[in-house]
Amino acid sequence: MRFLHTSDWHLGRLFFGVHLTEDQAGVLDQLVLLVREARIDCVLLAGDVYDRSLPPPDAVRLLDDIVTRLVVGAGVPVVMIAGNHDSAERLGFGSRVLEAGGLHVTGTRPLAVTLGDAAGPIDIIALPYTEPAVVRARLGDDTLTDHEKALTADLACVATQLVPGRRRIAVAHAFVAGAVESQSERPLVVGGSASVGARCFEGLDYVALGHLHRPQSVGREAVRYSGSLLKYSFAEADHDKSVTIVELDERGACLTEKVPLSPRRDVRVLRGTLEELQRGAATDSARDDYVLAELTDRGAILDAIGKLRRCYPNCLHIDRTSLFDAPGSGQACRADHRRHTEAELFGSFFREVTGDAPNQDETTAFAEIVARVHGAQTAGTADTAGKTGKTAAENDAP
Ligand SMILES: [Mn+2]
């Protein structure tokens, strides 16, 4: 039997204020095509279907469309669980009605789905993401104090109802110890560990995991994260986003294959001076990509984002932290500015911003500007005093 394992679609996601629904629709079109062309028997969607518990209407419409094309159009059953971003109750709406049609969705409790091929039945245990406290209350067991115990208990609940010896896989949304995190996952707990050991999944022929956004196996090849549908942070710029095709043979051994998805816009980090990036754009064939610009210029740039968006229209963010990592950074603000001359203050400000002391030309230019300002002030005061008949001292009064 051939499964397509995917997770973390995060439909309705905003990326630096940009709605990604069209980008998601584009790769999901590819997914539907792949399901047909690769003769997939069942799609496993391992949670974080939506980005938030109350998804925007566009995201709901997109999920409705994709699921209909898979289940009704292609005749391929879908097993879908809630992740920590989903509302378990809302995602699970109508699940008992939908089951007969081939859409097996579960939000609040574990579920067993039995499919089969020529070699016999295959049991799929669908384990939606659940807080230990919720499992504790549902099972009436006070000993379920952490994620591992809760998941093990849920798994056991379903497993005891199954016929032993049959091929068995699981779909779960969890953080398995030893796996590598990314920047765009919401931690399952704040200030603690929510990891579960890979040993929880012993005896299962394949475990289709969701939660971590980097595609990876953990512990053994058959315990696997497919990774997210798209890159949901700039820290994921180097990820190869993909889905996993799992071929389960008659003995329960599986072969996995990563199939890449091509988003209409990639997520890239570009580093250099503004001028270097502008020059690079001339020969860049993917200027529509979502871009984070790490500008290495020293000193101020007026409207840097406006200038960058003329060549990279989807430049979403500028990072100038290198500026603030400069040696001497932060020193100037601690100095008492009343004890320093204008030239000294300028010097320390210049060092603060650029990391270097001003050169002779810059020092001279500053001195000239200061002299001109002082000259204008003196002339202005004299002029005003002349017109109003007041003295300069009177004009200075508050
Ligand atoms: Mn996620």
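Is Asp303 buried, partly exposed or exposed, and at what relative accessibility? Asp303 counts as partly exposed, at 46% relative accessibility, where buried means under 20% relative accessible area, exposed means over 50%, and partly exposed lies in between (1.4 Å probe, protein chains only). The structure is a predicted model, in which local features need pLDDT of at least 70 and side-chain atom pairs count only at pLDDT 80 or more, while totals for chains, interfaces and linings use all residues. Residues are numbered from 1 along each chain as its sequence is written, and side-chain values use heavy atoms, with hydrogens and water left out.

The overall form of the chain comes next. The secondary structure of the protein chain comprises twelve helices and 19 strands; helices (H or I, at least four residues) and strands (E, at least two) are DSSP runs numbered from the N terminus. With a radius of gyration of 30 Å, well over the 21 Å that the globule rule gives for 398 residues, the protein chain is more spread out than a compact globule. That radius is taken over C-alpha atoms, and the globule rule is 2.2 Å times the number of residues to the power 0.38. Along the principal axes, the C-alpha atoms fill a box of roughly 100 × 50 × 40 Å.

The protein chain is divided into domain 1 (2–260) and domain 2 (360–396), with bounds that come from an automatic or database domain assignment. The C-alpha centres of domain 1 and domain 2 lie 71 Å apart.

Of the 398 residues in the protein chain, 47% are buried. The chain exposes about 20,000 Å², of which carbon and sulfur atoms supply 53%; accessible areas come from the Shrake-Rupley method with a 1.4 Å probe, and for residues only the protein chains shown count as cover. Contact means heavy atoms within 4.5 Å. Among contacts between residues at least 6 apart in sequence, 65% join residues at least 24 apart. The mean positions of the 43 positive and 56 negative charges are 2 Å apart. In that count Lys and Arg are positive and Asp and Glu negative, with His and the chain ends not counted; the place of a charge is taken as NZ of Lys, CZ of Arg, CG of Asp or CD of Glu.

Asp48 has a positive phi of about 55° although it is not a glycine, and Asp48 is buried, with a relative accessible area of 1%. Ala46 lies in the loop between strand 4 and helix 2 and is buried, with a relative accessible area of 0%. Beyond residues up to four places away in sequence, Ala46 touches His5, Thr6, Ser7, Ile81, Val171, Ala172, His173, Ala208, Leu209 and Gly210.

The loop between strand 18 (290–295) and helix 8 (304–311) is the place of Asp303. Phi of Asp303 is near 50°, a positive value in a residue other than glycine. Asp297 is found in the loop between strand 18 and helix 8, and Asp297 is buried, with a relative accessible area of 18%. Asp297 and Thr273 are 24 residues apart in sequence and 4.9 Å apart in space, C-alpha to C-alpha. In helix 8, the buried residues are Ala304, Gly306, Leu308 and Cys311. The cover over these buried residues includes helix 7 (274–281), strand 18 and strand 19 (315–319).

Glu342 lies in helix 10 (residues 342–354) and counts as partly exposed, at 43% relative accessibility. Not counting residues up to four places away in sequence, Glu342 touches Phe366, Val370 and His374. Glu342 and Val370 are 28 residues apart in sequence and 8.2 Å apart in space, C-alpha to C-alpha. An α-helix has 3.6 residues a turn, so residues three or four places apart point the same way. Thr364 is placed in helix 11 (residues 360–388) and is partly exposed, with a relative accessible area of 34%. Thr364 and Ala343 are 21 residues apart in sequence and 9.7 Å apart in space, C-alpha to C-alpha.
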